[in-house]
Amino acid sequence: MVKKDIIGDVLFNTFLGITCFFYSVIFAGSVLGVAGLYKPVYAFPLVIISTPLLFILLSRISTIDGHQFLWRDYPNGWAISENIVYAIALILIVLLILIPIMRWPESIAGDWFPWDAGKYHFPKAVEMVRSGSANDMTIAYGEYPFGYESLLSFSMLVSGNANLFGWMHALIDLFFILSFWLLAKRYTQIRSSFLLLLITLVILSNYFFKFLNLWRVFQMEMVTVGKNDLLLAASILSILFFYPFPKTGKFDMWAMVPIGVAGMIALSVKPNAAYVLAPLWILLGGKMVWKVLRNWVRESKSSLIIYLISSSLMIPGVIWILRNLVLNGKIFSDYVLEASKWSIASNLTNPYFYKYIPKNLYLIIGLTLIMVLISIKKFPKYRWQAGILLLLVISFIFTPVTAFFLRTDVAASINWRFGQAMLAYIFIVLLLLAKDLVKRINFDGKIRKLAGYVYAPFLLLIALGIVWSKVWVLERKPENAIILRDQFRESVGVDGYYSVYDYVQKNVCDSTVWVENGLPYYVYDAGYTNTVSRENSANYIVVIKTNWFGDERMEIPTYFNPETWQKYYSVVYEDQEGIVYALK
């Protein structure tokens, strides 16, 4: 008896909806931001109109494998069990992932604040909203892509503040979970509900065990607001899901359109997305050209045209390159390019790297080599998966800052957050191999039928135990709200002020404020009238006395010369941690 997987269909359409929404928001941020027209009057209509139109287009492309395998032929007992397992997985996702992030920062998601957020992610988003432009290159990492910041900026257009940042990250979490699930489903054809539960447990696995856990980073990234790595991983997984890899039946030329949509999101987040997307897209382009050269017929010409249209969909994701060339004369400054010195690839001859390699990296390299070797002769049907795994591993080792940061003569520290797409793909490969092994074992029909009735209640008990043991994840933590206002968790100020940031927030408005050695986000006042741009001279300068990156306490940063600056600025506030200078 054929039954429709209604829940799976809803989840698939949710994935498509998030994909279209992210594309539309980033498109608005990229085009309007570079044009200096990022205002609600333009951004809202563009997103509201383009999102449903894009969704209709993608949902009409019937060759997306995800939509096909959501129809199943269930044995007796499995249909009810399928819905129960879906419910278990969704309960875990909602309670242990979505609720904490939507309550940010008054939850475990606010337990810490990444310096990336305060130094450039949040300021870039705020500056685009307040100025209507994404062309200010004086903000830290201003020359980087700004797709992630476009999502934050749109949140601010809606709410007028940072209150919806957590909700936007909840969408990013769902984007990752669903792209992970759909790609795994496409490869393995494991029962949809059970697969979603497995992936949910892997994402949460840091709660259960840590030793040799390749996927610890997932749980930590799920509740982190202010980093763009999870968004990049999700967009790469969605590219792989849409990609028409070999042996999937007749190739449909329209399948290239969703790749262009997902590819744009990836390229707008980080430039290293090109490590994965470029080879795959060139391979697809080569296929189109070869098809045309072999047989110049209407279908060949149409395929090439759709390939070019799909390529054009990616253009907004790389518009930052044109912006950089026009404003700076080059794509990246030497300072930004220096980050490549801290990658794994750049330190293959560095003894400090080999001295501190974690066992997890050995496992990944070993599994990749094994997968490549066995796919050559023994399992040729897995050559595509082996090739993609190798591509993801190579992409990871060439990504900047994967091994060191600032110095290469210290203990290496593998930065797994840059390799989340690779780690998810490794789990999918392991599932693929495990499924192949299980298929070789024949189970009696009665055993299979009995399993259909009893496995769901068993999993339900396990899920209830997990929620019960992790109920603290749902606790509200009002004290964490301080991260929206200040870098310091405890008051360090004088004269009734919490800190130097508090002084600026309460006494400075409509001014240019520079921050030395601290986090610029905290000098915005309640109405975001201040700016941290360095295109003009500063009205105020905030100096944090303790180096944010180091452990040694410094009275003032070594690059700051108060004797010179005091000719033009006077001290208006000072406490144990910082100084505020005002233009004379």
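Q: How many bridges join strand 3 to strand 4, which run parallel?
A: First, a word on the model: it's predicted, so local features need pLDDT of at least 70 and side-chain atom pairs count only at pLDDT 80 or more, while totals for chains, interfaces and linings use all residues. Residues are numbered from 1 along each chain as its sequence is written, and side-chain values use heavy atoms, with hydrogens and water left out. Strands here are DSSP runs of E, at least two residues long, and helices are runs of H or I, at least four, all numbered from the N terminus; two strands pair if DSSP finds at least two bridges between them. One link between strand 3 and strand 4 is Val513, whose bridge partner in strand 4 is Tyr540, and the number of bridges joining the two strands is four.

Q: Why is one side of strand 3 and of strand 5 left without a neighbour in the sheet?
A: The sheet is open, with four strands in the order 3-4-6-5 and mixed pairing. Strand 3 (513-516) and strand 5 (569-574) stand at its edges, so one side of each has no neighbour, because each has just a single partner strand.

Q: What angle does the direction of helix 21 make with that of strand 6?
A: Angles run from 0 to 180 degrees between N-to-C directions, using axes fitted to C-alpha atoms, for helices over the stretch in contact. Contact means heavy atoms within 4.5 Å. Helix 21 (residues 500-507) packs on the sheet and touches strands 3, 4, 5 and 6, and its angle with strand 6 is about 35°.

Q: In strand 6, which residue is the bridge partner of Ile544?
A: Strand 4 (residues 540-544) and strand 6 (residues 578-583) run antiparallel, joined by five bridges. For Ile544, the partner in strand 6 is Gly578.

Q: Is Val580 buried or exposed?
A: Val580 sits in strand 6. Its contacts, leaving aside neighbours within four places in sequence, include Val500, Tyr503 and Val504, along with Ile541 and Val571. The cut-offs are under 20% relative accessible area for buried, over 50% for exposed and partly exposed in between (1.4 Å probe, protein chains only). At 0% relative accessibility, Val580 is therefore buried.

Q: Which residues point the other way from Val513 and Val515 in strand 3?
A: In a regular strand the side chains alternate between the two faces of the sheet. Val513 and Val515 point one way from strand 3, all four residues being buried, and those pointing the other way are Trp514 and Glu516.
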